[in-house]
Amino acid sequence: MTDLLATCPALTTILRDAQEVSSYLWDRGWAESNAGNLSIDVTSAVAGTESAFRRTRSEELVAPRRGLSGRALLVTRSVRRFRDFARDAEHNSVLLRIDDAGSGYDVLWGGLNGLDFRPTSEFPTHLLLHEYLVDLGSGETAVLHTHPTDLIALTHMPDCRHQGNLNRVLWSVLPEVKVYLPRGVGLVPYRVPGSEALASATERVVREGLEVAVWQFHGCLALGATASEAFDRIDTANKAARVALQCRSAGHRIG
């Protein structure tokens, strides 16, 4: 990973954890092609070392995020695969610093010599959620979006297109859901991927105190103190969805 980790060793653990999660997503079939994305607020990890990074590019944000002024975010790149990020973080992610006005960002590391730098297409959602987490003073720094097969399948069931019903199904088949997701999951009706409408709908779910938002027909997004914690939350919900679908396929009514 070039000299980044020598310059800022606090990022080593964060990057290794994120890469390990990326390999899990690919192995489970939740990251077909370039599906899914990840962002982590690494402000505390790079504090005091920003001068060591070389700014390679500056870009404006579509919508200002003043609450993220000065924050540093590690973000997977657009049109990149999780399986590639798992083996090569530098060329498949970018380290960004939001400017002091919250209206743009500098690319500090990643991409290909700063030329191919674009963050994930779901960047608006990630920014909105990170801004809310900073305002909340939350210890959660990771935002993970992936395509867990069984949860997606469950949202195609007519009776699971309501948040209350979906949670009743998940809670009824796996006790761990109550342990790890005591408030359940949020359900976001289908919105165009990458849109501000999807970002706003997801933020509403998070503001309800829920760590997991299921995107109808599309996938799932989770928060966590680390990428691993966000993954665990999705993994638990998807396990319950798989059990529910297997019970239903055997003729046993769940929920």
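**Ala-244 and helix H10**

I started at Ala-244, which lies in helix H10. The model is a predicted one. Ala-244 is buried, with a relative accessible area of 0%. I looked up its contacts, leaving aside neighbours within four places in sequence, and found Val-169, Val-173 and Ile-254. I also took a distance to Ser-69, 175 residues away along the chain. The two C-alpha atoms are separated by 43 Å.

**Arg-248, also in H10**

I stayed in the helix and went to Arg-248. Arg-248 forms a salt bridge with Asp-159, and the closest N and O atoms are 2.6 Å apart. The pair links distant parts of the chain: Arg-248 is in helix H10, while Asp-159 is in the loop between helix H6 (149–154) and helix H7 (163–173), 89 residues apart. Is Arg-248 buried or exposed? Arg-248 counts as buried, at 16% relative accessibility. The cut-off for buried is under 20%, so Asp-159, at 22%, counts as partly exposed.

In soluble globular proteins, nonpolar side chains tend to be buried together. The largest nonpolar core here has 49 residues, and Val-42, Leu-144 and Leu-170 touch the most other members. Which element gives this core its largest share? Helix H10 (residues 227–249) does, with 9 residues.

I then listed the contacts of Val-42, setting aside neighbours within four places in sequence. Val-42 is in contact with Leu-11, Ile-14, Ala-72, Leu-73, Leu-74 and Leu-95.

**Helix H2**

Leu-11 took me to H2, where it is one of the buried residues. After H2 comes Gly-29, with a positive phi near 80°.

Most residues other than glycine have a negative phi.

Ser-33 is not a glycine, yet its phi is positive, about 50°. Ser-33 is found in the loop between H2 and strand E1 (37–41). Its relative accessible area is 39%, so Ser-33 is partly exposed.

Phe-217 has a positive phi too, about 65°, and is not a glycine. Phe-217 lies in the loop between strand E8 (212–215) and strand E9 (219–224). With Tyr-190 and Val-192, Phe-217 forms a nonpolar patch on the surface. Together the three have about 280 Å² of accessible area.

**Thr-76 in strand E3**

I looked up Thr-76, placed in strand E3 (residues 72–76). Thr-76 counts as buried, at 6% relative accessibility. Not counting residues up to four places away in sequence, Thr-76 touches Asn-37, Leu-38, Phe-82, Phe-85, Asn-92, Ser-93, Pro-119 and Thr-120.

**Other salt bridges**

Side chains of opposite charge can pair when their charged atoms come close. How many salt bridges are there? The count comes to 14.

I picked Asp-41 and Arg-71. They form a salt bridge, with the closest N and O atoms 3.1 Å apart. Asp-41 lies in strand E1 and Arg-71 in the loop between strand E2 (57–60) and E3, so the pair ties together parts that are 30 residues apart in sequence. Asp-41 is buried, with a relative accessible area of 9%. Arg-71 is partly exposed, at 26%.

Then I took Glu-196 and Arg-65, whose side chains meet in a salt bridge at 3.9 Å, N to O. Glu-196 lies in helix H9 (residues 196–207) and Arg-65 in the loop between E2 and E3, so this pair ties together parts that are 131 residues apart in sequence. Glu-196 is partly exposed, with a relative accessible area of 34%. Arg-65 counts as buried, at 12% relative accessibility.

Note on methods:
Residues numbered from 1 in each chain as written. Predicted model: local features only at pLDDT ≥ 70, side-chain atom pairs only at ≥ 80, totals over all residues. Heavy atoms only, no water. Buried < 20%, exposed > 50% of the residue type's maximum accessible area, 1.4 Å probe, protein only. Helix = DSSP H or I, 4+ residues; strand = E, 2+ residues; numbered from the N terminus. Patch = residues over 30% accessible without salt bridge, like charges linked within 9 Å, V, L, I, M, F, W, Y side chains within 5 Å. Areas by Shrake-Rupley, 256 points an atom, 1.4 Å probe, with all protein chains shown as cover. Salt bridge = Lys/Arg side-chain N within 4 Å of Asp/Glu carboxyl O. Core = buried A, V, L, I, M, F, W, Y, C linked by side-chain atoms within 4.5 Å. Contact = heavy atoms within 4.5 Å.
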